[in-house]
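Trainee: I have a model open and would like to learn how to read it. Where do we begin?

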Amino acid sequence: MKVYVEYAVIDNFVMDYLLLRLAVLGKSKNSSIKKRVLSALVGTVFAVYLPLFDLALVPSIALKILAAAVMVYFVCEYSSYKEYFIRLLLFFLYTAVFGGIIYGFCSVSGIYYDPLGNVFGGNVPLSVLLIAGAVIFLLCYKGYFAIFRRRQVLPFIRQCVLFSDGQKIDTVGFIDSGNSIMSGDECVCVASKSLAEKLFICGAAGGAKCMRKIPFKTAGGFAEMEIYSFDKLVVINGENKNIIYKVKIGIPENPIDFGADYSLILPAEFAGEQSR
């Protein structure tokens, strides 16, 4: 079997770099491109020279674990050993994900692949391996930030029930301390496009009273928002409830959706347990 050293170098370097990038996500201030490149080079040199020693399986795996530990140790500055070991476990996790997906693809395609030795049977173009690595990296990258964003958002998410003219509308609100929109001396909630459509389709907004239009600041300047007065809004936080009577809901002239997690932006004042 022919082994092209330059292909092995490029393949291992790119994969090690991508794995290190994933392992230290969220640590961008302490992990520079230079550190990631140098650490990936260490892993590449190790991967290229290790097969020359023809070691048994157990020593080979032990040395690979040691190489990974060295790479992860030098790629970033850590506040504690616990954080280092967490990042090292993430490196192993992403390595397993990469290897598992590639192994599954090769199995379906009839291509021999040894994940422990990172050996392919037949002529597999280097470009295919790099593209596969890049696709898996992007999926993991986006998945990480989706989970991270959800973890950040969840503490501020509240189940809500909006009442108007005999209608009951279930929705999800997000407590935003930056929501300072006021209608007179009253706080205003902001509805997403999907919630606004739902309110008009079910007739709840038809039963509500459009009190006025107010200007509000957007990223592109100023726009207008229609302010509706609904009978009440119940904000649920576990066993606690915050009931706001004659709640004001703002619907912008060009509403947008806020994402899958929530459809109503609540002012910070609505977080507590009280009736008003």
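**Rings, helices and strands**

Mentor: With the rings: a search of the whole structure finds 10 aromatic pairs. Rings of Phe, Tyr and Trp (its six-membered ring) pair if their centres lie within 6.5 Å; planes under 30 degrees apart count as stacked, over 60 as edge-to-face and the rest as tilted. One of the pairs is Tyr78 with Tyr84, edge-to-face, at 5.5 Å centre to centre and 65° between the planes. This is a predicted model, where local features need pLDDT of at least 70, side-chain atom pairs count only at pLDDT 80 or more, and totals for chains, interfaces and linings use all residues. Residues are numbered from 1 along each chain as its sequence is written, and side-chain values use heavy atoms, leaving out hydrogens and water.

Trainee: Are Tyr78 and Tyr84 buried or exposed?

Mentor: Buried means under 20% relative accessible area, exposed over 50%, partly exposed in between (1.4 Å probe, protein chains only). Tyr78 and Tyr84 are both buried. Ring pairs also link them with Tyr73, Phe74 and Phe85 in a cluster.

Trainee: How do I check the span of helix H3?

Mentor: Helices (H or I, at least four residues) and strands (E, at least two) are DSSP runs, numbered from the N terminus. The expected span of a helix is 1.5 Å times one less than its number of residues. H3 (residues 57-75) has 19 residues, so it should span 27 Å; its end C-alpha atoms are 27 Å apart, which agrees. Its buried residues include Ser60, Met71 and Val75.

Trainee: Which side chain of opposite charge is nearest to Arg21?

Mentor: Lys and Arg count as positive and Asp and Glu as negative; His and the chain ends are not counted. A salt bridge is a side-chain nitrogen of Lys or Arg within 4 Å of a carboxyl oxygen of Asp or Glu. For Arg21 the nearest is Glu83, 12 Å away; Arg21 is buried yet has no salt bridge. Arg21 lies in helix H1 (residues 5-23). Leaving aside neighbours within four places in sequence, Arg21 is in contact (heavy atoms within 4.5 Å) with Arg36, Phe137 and Tyr141.

Trainee: Why is strand S6 described as largely enclosed?

Mentor: Five of the six residues of S6 (residues 186-191) are buried, so the rest of the structure largely encloses it. Two strands pair if DSSP finds at least two bridges between them. S6 runs parallel to strand S9 (residues 240-252), joined by three bridges. Cys189 has Ile249 of S9 as its bridge partner. S5 (residues 182-183) pairs with S6 in the antiparallel sense over two bridges. In the hairpin of S5 and S6, Gly184 takes a positive phi near 70°.
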